[in-house]
Amino acid sequence: MNKCVYVCVGVWLRAHVTLSLLYLRHSVQHSLSQLSAALVKRESPERWPTLFLLLNESTRSTDPQERQVGLLLLSKVVESNPEPFKPHYCQLLQLFSSVLEELGDPSCLYYSILTVTAITAYTGTEEMVRNLMRALIPKLIVALKHLIKCDQVGGPPASEAMEVFDELIESEVSILVPYISEIVYFCLEVCAEEIVTATQFVCRILNVSYWCSLACKELVAVLKHKLLSPILQTVFPVLSTAPPPGQEDPEDRAQDEDDDEDDDNGSENPKHLAAQVIDSLALHLPPEKLFPQLMPLTEACLTSENPYERKAGLMCLAVLAEGCADHIRNKMLSSMLQTVCRSVSDNSEVVRSAALFALGQFSEHLQPQISKYSAELMPLLLGYLSGLNHSKTGHVTKAFYALENFLENLGEDIQPYLPTLMDNMLTALNHSENLKIKELAVSAIGAIANAGKELLVPYFPPVIESLKGFLTDTRDEVRSLQTQALDTLSVLARTVGHDVFGPLAAECVQLGLNLTDAVDDPDLRRCTYSLFSAVSSISPDCLHPHLPAVTTIMVLALKSTEGVTQFLLMDDDDDDEKEGGECDSVLEENSENEGEDRDIVGFSVENAYIDEKEDACDALGEIAFNTGVAFLPYLESSFQQVYELRDFPHEGVRRAAFTALGYFCRAQHKVWKENPTEDNYQALQKLLSVVLSSFLEAVRQDRERHVVMAVLESMNSVLKSCEGEALRDPERLLAISQVILDTACQDGTGADEGDDEDEQQAEYDAMLQEFAGEGIPLLAAAVPAETFSPHLRELLPLIVSKAKACCTVSDRSFSVGTLGETLQALTRVQGGRQLAGELSEQLMPVLVTGAKDCDAEVRSNSVFALGALAEAAGPAIVQYPEQPPRDKLVILGLFSSLLSKEEDPRAVDNLCAALCRMIVSSPGSVPLDQVFPVLLSHLPLKEDLEENKTVFGCLATILSAASQVLTTKNIDAGEGHTLCIAPETQNATVLLLRSLSKHHSQEFEGAVMSLPEEQRSALTAVAIQL
């Protein structure tokens, strides 16, 4: 529009809107208010003095109708552009304080609350505004109670007014803290009263209750005010309520494969929101606080005669699995698993479905312990699947969900079940007429491949033959099956090995490009991205010629605003207009006119496009790393688009963006290592500077713990790959150390110091601290010990404090494990031995105590750390403590005692490795004639096979010294041990055999000849390398 014409029209509109508002019917007043909001959105309200005059007079009028119109107009214009009204916030809050006391006009209450919601995020730090807002909370509660009653008889929508609490919790939770108790009780009270008469509103109330429980920023208030029990007492009846006669809960309804639009209907029903409340409590409360109050209610449901109460109990167990995983794994797994398995055979299908869901959740979150129950669970699941009616696809989907999640982590233990599994899946692919069943079978094959890897090779030809038919069928009705086939093809590329899949790599890349050209579907595109990245992991050369097309597609996906809907300022009450599509506008992909966007008040993004952006980030990062120098021409454009997504509203996209940024750094580092030019080095340092700064900022500012954990994981991967190059700037080492310290010091409960109960925290808070702590040994390995020493000394008290007996098992394990990894890192850097020796007096008591812990994992990590300390500090550790000679070998005595009674295989393996580290680091201080036979008697290693390298290196060191402690029996044992090797220990194995044959040739030959034929052949194959 011509600027002059626009100004004239604006002046005319402002004048006539102001004059007309008070004298027209309500529907027109509402539309004029929206128009006024659009005008205020485009230019400062200060340019419209008559608007302020009208608002001032009408909102204080004694005429109820005039006051209502004034508050309506105020709510719309402030909502459209809250910030210009900041100078008037005190005046507005005083007005609302008065209005909220007058309960006779529900519309005035409603419009006032909407305005409060609009300004909440902009209150800032001015104390007077915050005090006025805080004083308004009790009046808001009273007003909302009144609106709820009016809502039932056609008054303003109370559920929309309730959003004020969402906004307060999201942006100004400190204002709510004094009233947390009142708000939660209010929500629970309304929830209990309205459960039958206003289902939609109950959803809203439960959502607020969910947010209140999520005010785990202030969870100490939930505990302090004893709100946990009332929340649970209110939520459980909702969770266990039976549906009306003749109906089913949304998740239990039978669905055809074409009813995709109904898939999410149940996501906002009261039961799902009730489950979200419990899920949130599990994620944010210490299990020690939650379980005593939750489990009696759960157990009562599980033993009920009512199937919907039994279902509620199982749903509760299911949502606990993620947030309380450690607690369940260590204390309750067996009993909870028995309960769920029994329920799989329940006579009620709704209970069986809930049990399958719980089993799927357990399989996802309770690894690796749950995999140890494969002998019980696999026959149960296979038997259940074989008896299912495939016409009930909803129930079959739940059974496949449980099976897939359990299979995914079985590893080689899947082998006994592989023939039955693949026979069932191939039968479904080749003979079922139900497309949904085919899709589930294709997905399950992906899970089987993830577990079995090369074990799937014999089944690869028939599987790939079936997939080809689905992949080339572009009909809309088979789109979901085609997408799943692409996803499974990506899994196969990563798992069956280069020799098997390599010949198909180029064909797969071309297939993906053809599909992206032929089909406009975000789900299909994102699966092609995963396929491209999978191919890059096994055959990067096949991707090189297609990188221009591949990167262009994914960069466009990151740029695209497709699927993003702008909500314009229109009449919220006009449902007909919404249905007609006139209330939204899809963004143009390359829109450059910012002025056209200024009436937008919100965005909605379809999940499929969110998932596409997320997968595009993941794929770009991995492809960049795998293709190396070939990706350099596309690195800058890819980096720019990914970097812009670090502030994206959706947490999954932010997580993927930060992961990709880490990959880009590692890719540039790999290019520099392969071609160490000054240009490549400067490009690496520039990239590291930008990316590491963004990592540190995200850790400090991002509110989502999943995102922060992903950032820390990505930063750790950069530190591991780039080492000292990542810390070339001394300020980076200081900044990263400080972020680790700040993150690890966070206390999720907000409890006061000085009480043992303060050590209790939500497991997710502990996970966040562990991700931060993993950076400590990486820093230790990246710089000289003298450089890192002051930072390590500042971090050590925090790490050691988590080893106290009152801490959780996960904390104690993390503490001693981190100490061990850090000490091991010191063995590889200049000055490490001196620093380790200086720290030994501080660390020794902690590790000795840990070695006697009641938990096997803590013991295992402690003896690993003791061995690492012996290796790093040298003879000083063997002679601890510096007391009379009879006490010089106290550590060896400890190990001897532990070996005589330790039953955990991993702990025994780590004891053997610790002995080997002590022997290598202090051979003169260890009585080999006594220690060596004991060591060999506990070989080969059973579980921690990564320590084979340590063990073989030790044996080779002893043999090269021509030690007299060897006997023919010992050589036999040593050679038997070499048969249990992994590829990464081949060099150590060859070195050991070389030492045996050189220094003890006669005994070596005799030992070889005494072995069974199969073992002799295996040993001979290794000996060829000598």
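Q: In this predicted model, which residues of H42 are buried?
A: Gly832, Leu835, Ala836, Leu839, Ser840, Leu843, Met844, Val846, Leu847, Val848, Gly850 and Ala851 are buried in H42. Buried means under 20% relative accessible area.

Q: How do you know that helix H42 falls short of a straight helix?
A: Helix H42 covers residues 832–851, which is 20 residues. A straight helix would reach 28 Å at 1.5 Å a residue. The end C-alpha atoms of H42 are only 24 Å apart.

Q: Where is the kink in H42 centred?
A: The kink is centred on Ser840 and is about 55°. Ser840 is also among the buried residues of H42.

Q: Why is Phe165 called buried?
A: The cut-off is under 20% relative accessible area. Phe165 has 0% relative accessibility, so Phe165 counts as buried.

Q: What makes Phe165 and Phe186 an edge-to-face pair?
A: Ring centres must lie within 6.5 Å, and planes over 60 degrees apart count as edge-to-face. The two rings are 6.3 Å centre to centre, with 70° between the planes.

Q: What makes Phe625 and Tyr663 a tilted pair?
A: Their planes are 50° apart, and their rings are 6.1 Å centre to centre. Stacked needs under 30 degrees and edge-to-face needs over 60, so the rest count as tilted. Phe625 lies in helix H32 (residues 607–627) and Tyr663 in helix H34, so the pair ties together parts 38 residues apart in sequence.

Q: Why are Phe625 and Tyr663 called partly exposed?
A: Partly exposed lies between the buried limit of 20% and the exposed limit of 50%. Phe625 is at 21% relative accessibility, so Phe625 counts as partly exposed. Tyr663 is at 22%, so Tyr663 counts as partly exposed as well.

Q: How do you know that the charged end of Lys670 sits over the ring of Phe625?
A: The distance limit is 6 Å from the ring centre, with an angle limit of 35 degrees from the ring normal. The charged end of Lys670 is 4.4 Å from the centre of the Phe625 ring and sits over that ring.

Q: Which residue lies over the face of Tyr643?
A: Arg646 does, at 3.8 Å from the ring centre. Tyr643 also forms one aromatic cluster with Phe639 and Phe664.

Q: Why is Arg654 called buried?
A: Its relative accessibility is 9%, so Arg654 counts as buried. The limit is 20%. Arg654 is placed in helix H34 (residues 651–674). Beyond its neighbours within four places in sequence, Arg654 contacts Leu645, Arg646, Asp647, Phe648, Pro649, Asp702, Glu704 and Val707. Arg654 and Asp702 are 48 residues apart in sequence, yet 9.6 Å apart in space, C-alpha to C-alpha.

Q: Which residues have the most contacts inside the largest nonpolar core?
A: They are Phe165, Leu290, Leu320, Leu421, Phe664 and Phe895, in a core of 300 residues. Leaving aside neighbours within four places, Leu421 contacts Met378, Leu382, Leu403, Leu407, Ile414 and Ile448.

Q: How many of the 1026 residues of the protein count as buried?
A: The share is 54%. The protein has 52 helices and three strands.

Definitions and conventions. Residues are numbered from 1 along each chain as its sequence is written. This is a predicted model: local features need pLDDT of at least 70, side-chain atom pairs count only at pLDDT 80 or more; totals for chains, interfaces and linings use all residues. Side-chain values use heavy atoms; hydrogens and water are left out. Helices (H or I, at least four residues) and strands (E, at least two) are DSSP runs, numbered from the N terminus. Buried means under 20% relative accessible area, exposed over 50%, partly exposed in between (1.4 Å probe, protein chains only). Contact means heavy atoms within 4.5 Å. Rings of Phe, Tyr and Trp (its six-membered ring) pair if their centres lie within 6.5 Å; planes under 30 degrees apart count as stacked, over 60 as edge-to-face and the rest as tilted. A nonpolar core is a set of buried Ala, Val, Leu, Ile, Met, Phe, Trp, Tyr and Cys residues joined through side-chain atoms within 4.5 Å. The expected span of a helix is 1.5 Å times one less than its number of residues. The bend at a residue is the angle between axes fitted to the seven residues ending there and the seven starting there.
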